[in-house]
Amino acid sequence: MVPSIWPEYLGRTVLEAQYVGTPVIASNVGGIPELGGDIFLVEPGGREMLKAEILKVLSSEDRKSKINEAFTEESVCRQAKEIYNSVYGHASR
């Protein structure tokens, strides 16, 4: 969730969430809308709209499944190992 009220030029948090397949709820400001993908846009400061989008995402079994899969112990360890390998070369167990 990125409920910014100021323009985000890149929205790195959005990109990171998309990388692991997590749906994103973000403000319709700056460069965020142009990132594309699974982003639910809300108007900055629109608390009721933000609340409605959060409830919509949480009530969707497909979206909850994506969130749960992105943060399993196995997937987090695999991603950490991939990052380690990309920085330091091949890692042993």
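Which helix holds Ala17? Ala17 lies in helix 1. Helices (H or I, at least four residues) and strands (E, at least two) are DSSP runs, numbered from the N terminus. The model is predicted, so local features need pLDDT of at least 70 and side-chain atom pairs count only at pLDDT 80 or more, while totals for chains, interfaces and linings use all residues. Residues are numbered from 1 along each chain as its sequence is written, and side-chain values use heavy atoms, with hydrogens and water left out.

Ala17 is buried, at a relative accessible area of 18%. Buried means under 20% relative accessible area, exposed means over 50%, and partly exposed lies in between (1.4 Å probe, protein chains only). Ala17 and Ser86 are 69 residues apart along the chain. Their C-alpha atoms are separated by 19 Å.

Helix 1 covers residues 12-19. Its residues Arg12 and Glu16 are joined by a salt bridge, with an N to O distance of 3.0 Å. A salt bridge is defined as a side-chain nitrogen of Lys or Arg within 4 Å of a carboxyl oxygen of Asp or Glu. Arg12 is exposed, at 59% relative accessible area. Glu16 is partly exposed, at 43%.

The whole structure contains 3 salt bridges. One of them links Lys56 and Glu53, at 3.4 Å from N to O. Both residues belong to helix 2 (residues 47-59). They sit 3 residues apart, about one turn of the helix. Lys56 is partly exposed, with a relative accessible area of 45%. Glu53 is buried, with a value of 12%.

Another salt bridge pairs Arg78 with Glu82. The closest N and O atoms are 3.5 Å apart. Arg78 and Glu82 are 4 residues apart in helix 4, and so are separated by about one helical turn. Arg78 is partly exposed, at 44% relative accessible area. Glu82 is also partly exposed, at 37%.

Helix 4 spans residues 73-88. It has 16 residues. The distance from its first C-alpha to its last is 22 Å, close to the 22 Å expected at 1.5 Å a residue. The expected span is 1.5 Å times one less than the number of residues. Just after helix 4, Gly89 takes a positive phi of about 95°.

Tyr88 is found in helix 4. Tyr88 is exposed, with a relative accessible area of 62%. A nonpolar surface patch is formed by Tyr88 with Ile83, Tyr84 and Val87. Together these residues have about 480 Å² of accessible area. Patch members have over 30% relative accessible area and no salt bridge; like charges are joined within 9 Å, and nonpolar side chains (Val, Leu, Ile, Met, Phe, Trp, Tyr) within 5 Å. Areas come from the Shrake-Rupley method with a 1.4 Å probe, and for residues only the protein chains shown count as cover.

The largest pocket has a volume of about 170 Å³. It is lined by 13 residues, and the closest to its centre are Met1, Thr22, Pro23, Val24 and Ile25. Helix 1, strand 1 (24-27) and helix 2 each supply at least two lining residues. On a 1 Å grid over the protein atoms alone, a pocket is an open set of points with protein on both sides within 12 Å along at least five of seven lines, whereas a cavity is a set where a 1.4 Å probe fits but cannot get out; lining residues have an atom within 4 Å of a point. Grid points are joined across faces, edges and corners, and the volume is the space filled by probe spheres set on the points.

Further C-alpha separations were computed for other elements. Val2 is found in the segment before helix 1. Val2 is buried, at 9% relative accessible area. Val2 and Glu69 are 67 residues apart along the chain, and their C-alpha atoms are separated by 21 Å. Val42 lies in strand 2 (residues 39-42). Val42 is buried, with 2% relative accessibility. Its C-alpha atom is 25 Å from that of Phe71, 29 residues away along the chain. Lys64 lies in helix 3 (residues 61-70). Lys64 is partly exposed, at 30%. Lys64 and Gly11 are 53 residues apart in sequence and 22 Å apart in space, C-alpha to C-alpha.
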